[in-house]
Amino acid sequence: MTEGPRICDYGDSTYRQDFWEGQGRDYEDAVERRVLKRLLPARGMRLLEVGAGFGRITNEYHMFRQVVLLDYSLEQLQYARGKFGDDGFLYVAADAYRMPFQTGVFDAATMIRVIHHFENVPAVLKQIRDVLADDGRFILEYANKRNLKAMLRHLFSLNAWNPYTLDPLEFVELNFNFHPEYMRNVAAQLDFDVRRAVPVSWFRLGLLKRTLPVRFLAGLDAILQRSGGKIAPSVFLDLQLKGASGNRAVLSSTDPLVILRCPESDTPLRRDGNVLVSESGIRWGIREGVYDFRQPSN
């Protein structure tokens with residue numbers, strides 16, 4: 001049996017407390033929220049947030065009738081559910097390489113601060129393409145390999161790698177930086193049009209963040225975002241699926257069974273108590289309101 005791509009599992013880690021809460025990243029959070037507000041459609045039926053984690057930016061999706069949070073970590077999703085509840089939200093623990101959704105049921109998707117944990121970018125982006133309806137929107141953020149700092153370090157031979165090569169850079173295990181042309185090429189191969197590319201987090205320096213107000217830095221960042229430069233540490237891509245895939249129209253029902261499918265048998269599911277059962281008898285658990293598709297249930 002061939003092993004699949006490696007999976008980054010935050011599990012019951014303290015990522016939320018150790019990386020975000022009180023850790024001096026209010027500037028990055030503010031910048032990313034501003035960009036999302038600019039790029040998101042004005043309204044929609046159903047949005048998929050891939051790698052939602054503890055739901056840091058989930059409250060930016062209020063214009064959608066249903067928001068589906070997907071992450072491999074059951075614990076992070078349970079925290080998010082405690083924060084947002086079940087009204088308009090659906091929580092799915094699953095491998096993003098094997099998404100448990102019907103074809104074409106989302107009219108939008110986002111993937112923010114997540115793609116850097118995937119070693120097979122074409123495979124995971126294909127999964128997203130397949131669950132988007134025709135003309136679906138996809139907002140993708142990635143860590144930029146060809147950023148200004150890396151270019152300067154390369155100029156003075158301080159890097160052990162070349163920021164100008166197109167291949168992804170794994171700088172620590174399951175943490176990748178990507179060249180802008182590499183990401184554009186992958187998107188094009190999967191029938192996505194790039195509507196806009198927005199470079200962000202231009203002022204990701206500890207000294208600046210400690211001495212200047214968040215709103216001021218975020219405002220300066222917004223000016224540089226419109227410059228079109230692609231040398232910032234992070235880049236948002238506003239992608240749109242070309243309307244030629246044959247994916248059906250977005251469904252109006254918020255019933256989970258309308259959009260979920262068995263990721264192993266590719267068949268519909270029925271609910272039996274706290275278990276979902278496929279037509280071939282494969283069972284998947286529902287754990288504290290989270291649909292768990294990581295491993296079949298006994």
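A charge sits over a ring if NZ of Lys or CZ of Arg is within 6 Å of the ring centre and within 35 degrees of the ring normal. In this predicted model, R16 meets that description, as R16 lies over the face of Y79 at 4.0 Å from the ring centre. A second example involves R294, whose charged end sits over the ring of Y72, 6.0 Å from its centre. Y79 also has ring partners: ring pairs link Y10, Y15, F19, W20, F54 and Y79 into a cluster.

Pairs of rings come next. The count comes to twelve aromatic pairs. One of them is formed by F101 and F106, with 5.1 Å from centre to centre and 85 degrees between the planes. This arrangement is classed as edge-to-face because the angle is over 60 degrees. F101 has a relative accessibility of 1% and therefore counts as buried. F106 is buried too, since its relative accessible area is 0%.

Another aromatic pair joins F138 and F192, and here the geometry is tilted, with a centre-to-centre distance of 5.7 Å and 45 degrees between the planes. F138 lies in strand β5 (residues 132-143) and F192 in strand β8 (residues 192-200), so the pair ties together parts that are 54 residues apart in sequence.

In total, the count comes to 22 salt bridges. In one of these, the side chains of D29 and R56 meet at 2.6 Å, taken from N to O. D29 lies in helix α2 (residues 26-39), while R56 is in the loop between β1 (44-50) and β2 (64-71), so this pair ties together parts that are 27 residues apart in sequence. D29 has a relative accessibility of 17%, so D29 counts as buried. R56 is also buried, because its relative accessible area is 11%.

R56 has another partner in E32, and the closest N and O atoms of this salt bridge are 2.6 Å apart. Since R56 lies in the loop between β1 and β2 and E32 in helix α2, the pair ties together parts that are 24 residues apart in sequence. Both R56 and E32 are buried.

The side chains of R33 and E60 also meet in a salt bridge, at 2.8 Å from N to O. R33 belongs to helix α2 and E60 to the loop between β1 and β2, so their contact ties together parts that are 27 residues apart in sequence. R33 counts as buried because its relative accessibility is 16%, and E60 is buried with a relative accessible area of 8%. Which residues belong to the network built from salt bridges that share partners? D29, E32, R33, R56, E60 and R113 are joined into one network in this way.

L158 is placed in the loop between α5 (148-155) and β6 (169-172). With a relative accessibility of 51%, L158 counts as exposed, because the cut-off for that class is over 50%.

Definitions and conventions:
Residues are numbered from 1 along each chain as its sequence is written. This is a predicted model: local features need pLDDT of at least 70, side-chain atom pairs count only at pLDDT 80 or more; totals for chains, interfaces and linings use all residues. Side-chain values use heavy atoms; hydrogens and water are left out. Rings of Phe, Tyr and Trp (its six-membered ring) pair if their centres lie within 6.5 Å; planes under 30 degrees apart count as stacked, over 60 as edge-to-face and the rest as tilted. Buried means under 20% relative accessible area, exposed over 50%, partly exposed in between (1.4 Å probe, protein chains only). Helices (H or I, at least four residues) and strands (E, at least two) are DSSP runs, numbered from the N terminus. A salt bridge is a side-chain nitrogen of Lys or Arg within 4 Å of a carboxyl oxygen of Asp or Glu.
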